[in-house]
Amino acid sequence: MILDTPADLNHCTEHASGPSGLSAIHQPGTSATVWERTPLSGFQRWIDALPPEQLPRARVILRPEAVCDALLEIARLHGIPDCPERNLLIEDISALALIFADVMKCDHLQLRLDVIQTNACRKFHIDAVSARLICTYRGTGTQYGISEDGADPAEILTVPTGSPIILRGTRWPETPLSGLLHRSPPIAGTGETRLLLVLDPVEDPEKADGTGYMH
């Protein structure tokens, strides 16, 4: 059955006020869960003002407890100034990695940091993963909605900047799929730059191919 009304969208998406609420992705019929939070104003001003070339870019497979050290090196390579706001970004991503690994019960993660200035992955879709965590630290957040017969959603919601969302993918064991799709917001020509964190569970790091999509 494909759900296709605003009420269905509310039914299959959980909204949490704390990190523990992200585990609701395991509830039957829940296709996405959002931890709604407001970025610290000082942090948001800092990251919004960073030159795009200093925003961190990375794609790496590692254990969640190794994320902090990896991010310190990534920040150094990109010339991100050593300041409290940089440390806050590193600490937050490290915490999300530990939370997501616990939710998914996995020992390894694929971590991606993407800097997006185009209409990357602007078509609504479902990822070919079991589940994926996405958090937009700068720019417009991921957009999502319920699809009717594969068409674009009639109602489109946008995840708040700084709020992590976990989305089920096509490899989630529960069927049928709810019809909840998502996309990267179209920003080409606006001058906007997005900084996006993507976390995927990795069952066998030796067989992982590192493929994925922007959102």
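The largest cavity holds about 60 Å³ of space. Keep in mind that this is a predicted model.

**Around the cavity**

- Ten names to look for in the lining are Pro-56, Leu-71, Ile-74, Ala-75, Ile-80, Arg-86, Leu-89, Ile-90, Ile-93 and Leu-113.
- Sorted by class, the lining of the largest cavity has nine nonpolar residues, one charged residue and no polar ones.
- Helices α3 (67-77) and α4 (84-104) each supply at least two residues of this lining.
- With four residues, α4 gives the most to the lining of the largest cavity.

**The sheet**

- Seven strands form an open sheet with mixed pairing, and their order is β1-β2-β8-β5-β10-β4-β3.
- At the edges stand β1 (13-16) and β3 (58-62); each has a single partner strand, so one side of each is left without a neighbour in the sheet.
- On average, neighbouring strands of this sheet are turned by 15° against each other, direction ignored.
- Strands pair through backbone hydrogen bonds, either parallel or antiparallel.
- Strands β4 (residues 108-116) and β10 (residues 194-202) run antiparallel and are joined by nine bridges.
- Look for Leu-111, which stands opposite Leu-199 in β10.

**Helices against the strands**

- Helix α2 (residues 41-49) lies across β5 (131-138) and β10, and runs at about 85° to β5.
- Helix α4 packs on the sheet too, where it touches β2 (32-35), β4, β5, β8 (165-168) and β10.
- The direction of α4 makes about 165° with that of β5.

Note on methods. Residues are numbered from 1 along each chain as its sequence is written. This is a predicted model: local features need pLDDT of at least 70, side-chain atom pairs count only at pLDDT 80 or more; totals for chains, interfaces and linings use all residues. Side-chain values use heavy atoms; hydrogens and water are left out. On a 1 Å grid over the protein atoms alone, a cavity is a set of points where a 1.4 Å probe fits but cannot get out, and a pocket is an open set with protein on both sides within 12 Å along at least five of seven lines; lining residues have an atom within 4 Å of a point. Grid points are joined across faces, edges and corners, and a volume is the space filled by probe spheres set on the points. Ala, Val, Leu, Ile, Met, Phe, Trp, Tyr, Cys and Pro count as nonpolar, Asp, Glu, Lys and Arg as charged, and the others, Gly among them, as polar. Two strands pair if DSSP finds at least two bridges between them. Axes are lines fitted to C-alpha atoms, for helices over the stretch in contact, and angles run from 0 to 180 degrees between N-to-C directions. Contact means heavy atoms within 4.5 Å.
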